[in-house]
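Trainee: I have a structure open and would like to go through it by question and answer. Can we start when it is on screen?

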Amino acid sequence: MSLFQTKELWQCKLSDAADLSFMCLSVANLTGKSDQIIIGTSNGFLHIYEPCIKQEEISSLNPTDSHNGLLLLCILHQKSVAVYSLQERLNKTFLHGKDYHLEILYEYPLSHNAYNMISGSLNGHDDSNFICVQSLDGVLYIFEQEMNVFSHYLPDFLLPGPLCFSNEVNLFLTVSSTWEVQTFKYEKILLNANRLSAAENKADEKKRLLIPEWQYLLGERAVEVAAVEDPAALFSFIILAQDSKVRYITTTDDGTMLFYNDTTLRWAAKLPFVPLNLALGRIRGINGVIVTLSSTGSIHCVYLGTDPMIQQIKLKWHSTETYEKRLEVYKEMTHKIKRLKMKDGKKSLIQFGAEEEPEPAFLIKVTTDTVKSLENQYLLFRSSDAVKIVPQLVHVPTAEKTCVQYFKVFPVVGAIPVDSNIILEIYYNAENGEQKLWKENVDLPLLTFYDRCLTKKVARHKITFEINKPIVPLDKLFHELTGRGSTDENNAIGLRQIYGQGTPTFILASKSSTKYRIQSESLESLWFPTNEIIKRLRRIYSSDDFEIKLTSDIPLKEYFSIVENFVQLTEKRSAKRTLITKKAVQVRIVQRQFFIKLKDVHSGSLADLHQVLQQMNKEIIHLLEEHSKINALLKAALNALRAGNHLISTLICYSYNLKGRETESVTKVLEISPDDAFGENWLPNVIAGLEVLQHSVDDQKNVTFSAYEETSANEYLLFEQLLTSL
């Protein structure tokens, strides 16, 4: 079994699939134990399957396994939408399992032919479930609970497109036939529908009332849209376009499933057929089972195989434009936008993205020399937070014996460099068809991040190292800085960040001893120069008897200030998100009262509610602005914490002469996971790691672990006590 082939868990086939022209797939939990697979066909039949891993598990099902509540199923027909109740027949038993039947609860007739539908809750409340149906000619039907609330035409409509809803802000999103992304507020659609009820015969007013909240020209047909949760924003939408592959799980036309994390390809797996529909479900206690439906009616439940045999990954890249062409178009459009702004003479309210992309610091030339030509060669750069490699992935279908590729290196503006190493991975196919991997670590030059500046003999934070070898002059140790900027004496040199916001760092070499001193106004700015000077000294003195000793105190007090600032910002961000959610719930409650009294004759109460809504909207906008500012501050604090963690772990190792596994243990405990975008899980993880280290130290000293478990109510104080005790 290949690592890049899916493994089958369960499969079956529809008996009448050959005569069907349309099939749709959905996965939902109907009986409470595991998910069921629901198949709707064009001949009017509804098939519901409950997969089982072993045959004997079928007879073990009993009536007590199902929910006591009412199980509802919504089905969209051509001219109606119906809600059914899934009920078990307790007085009948069958060898193949339980027997269920569908009992219709209510059905809404539609005056237009239906195209698709969505369902969900408003502001995340389960008691406000709604159903939205989109017709072929652009009518939106909104059903709340058992009532048809309203129906409304979409403006400038020609052909229907995909539809989704964000319950965070009560916003509908669709893509029109002109390839434009359009969003509509639920409240505005409801208000316009009520206004139209008083002017049913005015066709012109129907078209001019509803205006999108905002729209964006996508430039290609959208296949699917979805509202997702993003930790960096209050709400986000993902659009799968016709020529795009940006989605969490998508498939190519040769049956290859591509797994994405944001916009990064994480995995690929091969299916035995090209799927018509994909869904994720929980089958018999197994999470993340992939349910696929083929055009021939085959239903497969698969998961990713873990056998160690490695074979070829077949990926198809259909990009028709190179990066250089896209960059030229981007520069041309940017130039036109600047000219329009200068001609206008006013500051535009529309922000065309973030800051302009800087010029690349330099190019990386990768040359591969092989004995024979290689098939399907992939070159992938895994960079650090300080730089961005463009393009990150290059696919060479057929590489000659000597292949040359160029990559551009862009420093990340505003970030303190933590690591200068980038990893180059080259995947290629061997003669026997197996895929092999070749890795190479690339150490970026110092001039990528720093330049020379004037030195200062006094600074707030200082650390001092002593070596057991003759001291190396700084002009020899940093030979690339010779002749750049100011000419200081040989025993002092200053480094300033080119693109970052860190304070300058100064390195001083003693004239009478073998000591180096690194100093700066901020503690996190000390890490990169300290690591750089240690690496260069070890390259010069490569013998085993070379030692580095920390002669100054470990600045734990200053480091705890960085941690405390990070923890406070994390708590502020969490509190702000909670407050935004509560405010959104309050707005929804007031909005409902507003719409109920919209046709009331008492205009005074309506005016009061309108004033309250305006005030609450201003408060939410203010909270969102504060949330955005906290996110920016938290990213900067997380970057400073990463640099501080590396610095403190290095100082601890050189202060107590730790080596080998001891050094790895200390470094790993303070490390921040790259998957933790805002470091929310860092403090609990580091406390657990420090407690393990504390237990190991106590065991070696034959003492007992006593006072640290009692202070777990305050995680920050517990972290400070544990690290200080070590």
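Trainee: Leaving aside neighbours within four places in sequence, which residues is T370 in contact with?

Mentor: This is a predicted model. T370 sits in the loop between strand 24 (362–369) and strand 25 (374–382). Once its neighbours within four places in sequence are set aside, the residues in contact with T370 are E400 and K401.

Trainee: How far apart in space are T370 and C403, C-alpha to C-alpha?

Mentor: T370 and C403 are 33 residues apart in sequence. Their separation in space, C-alpha to C-alpha, is 8.8 Å.

Trainee: Is T370 buried, partly exposed or exposed?

Mentor: Buried means under 20% relative accessible area and exposed means over 50%, with partly exposed in between. T370 has 26% relative accessibility, so T370 counts as partly exposed.

Trainee: What is the relative accessible area of I290?

Mentor: I290 is found in strand 22 (residues 286–294). Not counting residues up to four places away in sequence, I290 touches M257, F259, L278, A279, L280, H300, C301 and V302. I290 is buried, and its relative accessible area is 4%.

Trainee: What distance separates the C-alpha atoms of I290 and L278?

Mentor: L278 is among the residues that I290 touches. The two are twelve residues apart along the chain, and their C-alpha atoms are separated by 7.0 Å.

Trainee: What share of the 726 residues in the protein is buried?

Mentor: The protein has ten helices and 36 strands. Its accessible surface comes to about 41000 Å², of which 52% belongs to carbon and sulfur atoms. Of the 726 residues, the buried ones make up 42%.

Trainee: Among contacts between residues at least 6 apart in sequence, what share joins residues at least 24 apart?

Mentor: Contact here means heavy atoms within 4.5 Å. Of the contacts in the protein between residues at least 6 apart in sequence, the share that joins residues at least 24 apart is 61%.

Trainee: How many aromatic pairs does a search of the whole structure find, and how is the pair of W10 and Y49 classed?

Mentor: The search of the whole structure finds 15 aromatic pairs. W10 and Y49 form one with 6.2 Å centre to centre and 55° between the planes. Planes under 30 degrees apart count as stacked and over 60 as edge-to-face, so the W10 and Y49 pair, at 55°, is tilted.

Trainee: How many residues apart in sequence are the parts that W10 and Y49 tie together?

Mentor: W10 is buried, with a relative accessible area of 16%. W10 lies in strand 1 (residues 6–13) and Y49 in strand 4 (residues 46–49), so their pair ties together parts whose separation in sequence is 39 residues.

Trainee: How is the pair of F150 and Y186 classed?

Mentor: The ring centres of F150 and Y186 are 6.1 Å apart and the planes are at 50°, so the pair is tilted. The pair links distant parts of the chain, 36 residues apart, with F150 in strand 11 (residues 147–153) and Y186 in helix 1 (residues 186–197). F150 is buried at a relative accessible area of 6%, and Y186 is buried at 1%. The class of the F150 and Y186 pair is tilted.

Trainee: Which residues form one aromatic cluster?

Mentor: Rings pair if their centres lie within 6.5 Å. The residues that form one aromatic cluster are Y106, Y108, Y141 and F143.

Trainee: What is the volume of the largest cavity?

Mentor: A search of the whole structure finds four cavities of 30 Å³ or more. The largest cavity is lined by 14 residues, of which L154, F157, T174, S176 and Q182 lie nearest its centre. That lining divides into seven nonpolar, six polar and one charged. The volume of the largest cavity is about 80 Å³.

Trainee: Is D156, with its positive phi, buried or exposed?

Mentor: D156 has a phi of about 50° although it is not a glycine. D156 lies in the loop between strand 11 and strand 12 (163–166). At 77% relative accessibility, D156 counts as exposed.

Trainee: What is the phi of W179 near?

Mentor: W179 lies in the loop between strand 13 (171–175) and strand 14 (180–185). W179 is partly exposed, with a relative accessible area of 40%. Its phi is positive in a residue other than glycine, with a value near 65°.

Terms used:
Residues numbered from 1 in each chain as written. Predicted model: local features only at pLDDT ≥ 70, side-chain atom pairs only at ≥ 80, totals over all residues. Heavy atoms only, no water. 1 Å grid on protein atoms, 1.4 Å probe; cavity = no way out; pocket = protein on both sides within 12 Å on 5 of 7 lines; lining within 4 Å. Points joined across faces, edges and corners; volume = space filled by probe spheres on them. Nonpolar A, V, L, I, M, F, W, Y, C, P; charged D, E, K, R; others polar. Phe/Tyr/Trp six-rings, centres within 6.5 Å; stacked < 30°, edge-to-face > 60°. Helix = DSSP H or I, 4+ residues; strand = E, 2+ residues; numbered from the N terminus. Buried < 20%, exposed > 50% of the residue type's maximum accessible area, 1.4 Å probe, protein only. Areas by Shrake-Rupley, 256 points an atom, 1.4 Å probe, with all protein chains shown as cover.
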